[in-house]
Amino acid sequence: MLAILGTPLMVVGAIGALVTSIILLIANFKESVVCGIASLLLGIPLLVFCIMRFSEVKKPFLLNIGCGVLIFVGSIVAAVGAASLVDPAAIQDAIDSLQQE
């Protein structure tokens, strides 16, 4: 059940992160084409731009961070859900069969 819940969380977080990243890149390209291209290729200049122009890009920047957290939480929930579906006896049998070979 948790694995089913974790996947939509990751998908929504990824879509949100993509959209907010595009918004931040557009704001960076409006500042300077060179800075925009550097941000597109490297990523670190985008972070520097967001810190330097925080008052201008506060909402998309914080939403981007929130979407990253949503992706992380979704992956943890999915992993816990997947791990709860595994039968420990089957794993132990597989380990024992490997040790016998």
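**Close-up 1. One aromatic pair is found in the structure.** The rings belong to Phe-54 and Phe-61, with centres 6.2 Å apart. Their planes stand at 90 degrees, so the pair is edge-to-face. The model shown here is predicted. Phe-54 is partly exposed, at 34% relative accessible area. Phe-61 has a relative accessibility of 14% and counts as buried.

**Close-up 2. The largest nonpolar core has seven residues.** They are Leu-24, Leu-25, Leu-46, Phe-49, Cys-50, Val-57 and Phe-61. Helix 1, helix 3 (44–52) and helix 4 each give two or more residues to this core. Helix 3 gives the most, with three. Phe-61 of the aromatic pair is thus seen again here, as a core member. In soluble globular proteins, nonpolar side chains tend to be buried together.

Close-up 3. Neighbours within four places in sequence are left aside. Val-57 then touches Leu-24, Ala-27, Phe-49 and Cys-50.

Close-up 4. Helix 1 (2–31) and helix 4 (54–84) each supply at least two of the patch residues. Helix 4 gives the most, with eight.

**Close-up 5. Phe-72 sits in helix 4.** Phe-72 counts as exposed, at 54% relative accessibility.

Definitions and conventions:
Residues numbered from 1 in each chain as written. Predicted model: local features only at pLDDT ≥ 70, side-chain atom pairs only at ≥ 80, totals over all residues. Heavy atoms only, no water. Phe/Tyr/Trp six-rings, centres within 6.5 Å; stacked < 30°, edge-to-face > 60°. Buried < 20%, exposed > 50% of the residue type's maximum accessible area, 1.4 Å probe, protein only. Helix = DSSP H or I, 4+ residues; strand = E, 2+ residues; numbered from the N terminus. Core = buried A, V, L, I, M, F, W, Y, C linked by side-chain atoms within 4.5 Å. Contact = heavy atoms within 4.5 Å.
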